[in-house]
Amino acid sequence: MKVGVLAIQGDFEAHRRMLASLGADVREVRTPQQLADLDGLVIPGGESTTISMGIERDGLDDAIRAHHRAGRPIFGSCAGMIVCDSDHLGLADYRCRRNAFGRQLQSFEQDLRVEGLGEEPLRAVFIRAPWVEEHGPDVEVLAEVDGHPVAVRAGGILAVAFHAEVTDDSRLHALFMAACTAARHPRRLVP
């Protein structure tokens, strides 16, 4: 399984370590060519404006959209959730509110039950986190905080408002890798 982590800005190294611990062949992505043979892509947290400008500057926007159109999954975390929304790369039918819970001083951790990860809550770390302000009918809400979606899935996009890479809980990364495996080996219809 070849998984890329967008390495423009943010904590891409923590995602790389988490994915490698699950057995992925992890590549840092800085150019469109580095996306070519990947099974999936992680867009990490950081600063969404800086990441968006870097994507445009490095000519990655069309390559990321092509990766998505080819049915290869993308996992966006915190700023990565924003970058995937309809106002930015337009990969999924949702729109985020930046810094929705407040600035740096309002950062917090919370145990969160995430649909598809079992009954045990996930420790979620929210740092200047967004939430999903609005979404279309094809967006599945996987978790909420105070009625605001903070984890969603839409087609090949898995997006969370928190930093899943800074804890030792690898379940979200495993869910993403399972989506990569499923996309790589789609079920064949039997006539």
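**Close-up views of a predicted model**

View A. Arg65 is partly exposed, its relative accessible area being 25%. This is a predicted model, so read each view as a look at a prediction. Which residue does Arg65 pair with in a salt bridge? Its partner is Asp62, and the closest N and O atoms of the two lie 3.5 Å apart. Asp62 has 53% relative accessibility, so it counts as exposed.

**View B. The open sheet of 7 strands.** Reading across the sheet, the order is β2-β1-β3-β4-β11-β10-β9, and the pairing is mixed. At the edges stand β2 (25-29) and β9 (140-145); each has a single partner strand, so one side of each is left without a neighbour in the sheet. From one strand to the next, the twist averages 20°.

**View C. β1 alongside β3.** Here strand β1 (residues 2-6) and strand β3 (residues 40-43) pair in the parallel sense, with 3 bridges between them. To get your bearings, look for Val5, which has Val42 of β3 opposite it.

**View D. A salt bridge between Asp37 and Lys2.** The two side chains meet at 3.1 Å, N to O. It's a link between distant parts of the chain: Asp37 belongs to the loop between β2 and β3, Lys2 to strand β1, and they are 35 residues apart. How exposed are the two ends? Asp37 is partly exposed at 40% relative accessible area, and Lys2 also counts as partly exposed, with 28%.

**View E. The β9-β10 hairpin.** Strands β9 and β10 form a hairpin with 2 residues between them, and Asp146 in the turn has a positive phi of about 50°. The two strands run antiparallel, with 5 bridges joining β9 to β10 (residues 148-154). Ala143 faces Ala151 of β10 across the pair. There's a salt bridge here too: Glu140 and Arg153 bring their closest N and O atoms to 3.1 Å. Glu140 lies in strand β9 and Arg153 in strand β10, 13 residues apart, and the pair links distant parts of the chain. Glu140 is partly exposed, with a relative accessible area of 35%, and Arg153 counts as partly exposed at 27%.

**View F. Phe126 in the largest nonpolar core.** This core has 62 residues, and those touching the most other members are Tyr94, Phe126, Val150, Phe162 and Leu172. What surrounds Phe126? Setting aside residues up to four places away in sequence, Phe126 touches Phe101, Ser107, Phe108, Gln110, Leu112, Val145, Val150, Ala161 and Phe162. Two of these, Val150 and Phe162, are also in the list of residues that touch the most other core members.

**View G. Asp169 in its loop.** Asp169 sits in the loop between β11 (157-160) and α5 (171-184). Is Asp169 buried or exposed? At 15% relative accessible area, Asp169 is buried; the cut-off for that label is under 20%. Its side chain makes a polar contact of 2.7 Å with the side chain of Arg171. Beyond its neighbours within four places in sequence, Asp169 is in contact with Met18, Pro121, Leu122 and Ala164.

Note on methods. Residues are numbered from 1 along each chain as its sequence is written. This is a predicted model: local features need pLDDT of at least 70, side-chain atom pairs count only at pLDDT 80 or more; totals for chains, interfaces and linings use all residues. Side-chain values use heavy atoms; hydrogens and water are left out. A nonpolar core is a set of buried Ala, Val, Leu, Ile, Met, Phe, Trp, Tyr and Cys residues joined through side-chain atoms within 4.5 Å. Buried means under 20% relative accessible area, exposed over 50%, partly exposed in between (1.4 Å probe, protein chains only). Contact means heavy atoms within 4.5 Å. Two strands pair if DSSP finds at least two bridges between them. Helices (H or I, at least four residues) and strands (E, at least two) are DSSP runs, numbered from the N terminus. Axes are lines fitted to C-alpha atoms, for helices over the stretch in contact, and angles run from 0 to 180 degrees between N-to-C directions. A polar contact is a pair of N or O atoms within 3.5 Å; within protein, one must be able to donate a hydrogen and the other to accept it, and residues adjacent in sequence count only if both atoms are side-chain atoms. A salt bridge is a side-chain nitrogen of Lys or Arg within 4 Å of a carboxyl oxygen of Asp or Glu.
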